[in-house]
Amino acid sequence: MFNSKKYIFLIVSILMLFSSCNLKNRFYDDINENILKIHFINVGQGDSTLLQFNNKNLLIDSGPLNSFENTIKYLKKLKVKQLDYVIATHPHEDHIGAMSEIIKTFEVKKFYAPKVTSNTDYFYNMIKELKKSNIKINIAKDQIKLPFDAKIKCVFLSPNSSNYTNLNNYSAVLKITYGRCNFLFTGDAESLVEQEILDKRYNISCQVLKLGHHGSSTSTCDQFLEKTSPNVAIASCGKNNIFNHPNKKTLQKLAEKGVKLYRTDIDGTIVLVCNGSNIKKSN
């Protein structure tokens with residue numbers, strides 16, 4: 001005998017199942033496969049960015065030593081156990097001060113850094129921990145590709161020289177492309193390096209620009225900002241920092257271009273999610 005109640009129940013159950021799989025509603029929040037997540041970690045006056053894609057982790061810089069406990073706590077909260085790739089953009093304390101602690105705590109598979117040294121304790125501590133863990137340093141330089149994932153293109157655009165007078169200009173500049181979306185991570189690269197990149201006529205257009213040197217006036221020159229043409233800019237900086245980062249002139253440039261700015265000193269840790277077509281800020 002036909003049971004109409006059972007039939008109605010079955011139809012309702014099927015409709016609920018399809019509704020629960022509605023990608024439009026759940027795409028970014030609940031489904032992790034093929035979703036690129038970028039965490040601009042609030043490390044105070046410094047830089048540390050984690051990229052996650054299909055259970056792989058890429059860390060760009062570690063932040064300063066005084067923030068290492070919070071940085072490690074944040075990574076562990078995300079259940080990070082292994083860092084597939086780590087990039088030390090350049091040997092300044094606000095970028096690599098906590099790197100020795102990161103190497104002690106997590107398994108690091110591949111490590112990239114520009115070919116430059118620094119006569120400082122934090123640099124030697126990083127080198128010591130790399131040696132202890134038997135981790136080779138891969139040289140980060142122009143045109144080197146980083147094989148993060150087959151679906152994502154990662155290429156260094158700098159450094160272009162081995163004779164900079166300013167350590168900031170050794171910064172490993174990385175462009176990441178996922179589908180139609182582009183991201184540019186600039187370390188502390190200043191206008192000299194920006195001009196070198198422009199001179200090489202690379203395609204540097206991007207939706208998201210991590211501002212060079214925490215939004216300092218020494219970076220984000222007019223032509224570089226014009227060519228990158230970002231929708232969103234990120235300034236990683238500390239509250240009431242003594243350098244007054246980000247600089248007022250940089251803020252004015254971004255405002256004139258209609259670029260949305262997020263700042264770790266105001267917004268805390270900033271998380272962006274991308275499906276290869278769209279980018280949005282996670283709540």
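Me: In which strand is Lys56 placed?

Reply: Lys56 lies in strand 3, residues 56-60. Strands (E, at least two residues) and helices (H or I, at least four) are DSSP runs numbered from the N terminus. The protein chain has 10 helices and 14 strands. This is a predicted model, in which local features need pLDDT of at least 70 and side-chain atom pairs count only at pLDDT 80 or more, while totals for chains, interfaces and linings use all residues. Residues are numbered from 1 along each chain as its sequence is written, and side-chain values use heavy atoms, with hydrogens and water left out.

Me: Why does Lys56 count as partly exposed?

Reply: Buried means under 20% relative accessible area, exposed over 50%, and partly exposed in between (1.4 Å probe, protein chains only). Lys56 is partly exposed because its relative accessibility is 28%. Of the 283 residues of the protein chain, 52% count as buried.

Me: Which residues does Lys56 touch, not counting those up to four places away in sequence?

Reply: A contact means heavy atoms within 4.5 Å. By that rule, Lys56 touches Leu51, Asp84, Phe148 and Asp149, with residues up to four places away in sequence not counted. Across the protein chain, residues 24 or more positions apart account for 66% of the contacts with a separation of 6 or more.

Me: What distance separates the C-alpha atoms of Lys56 and Gln82?

Reply: The C-alpha atoms of Lys56 and Gln82 are 8.2 Å apart, and the two residues are 26 residues apart along the chain.
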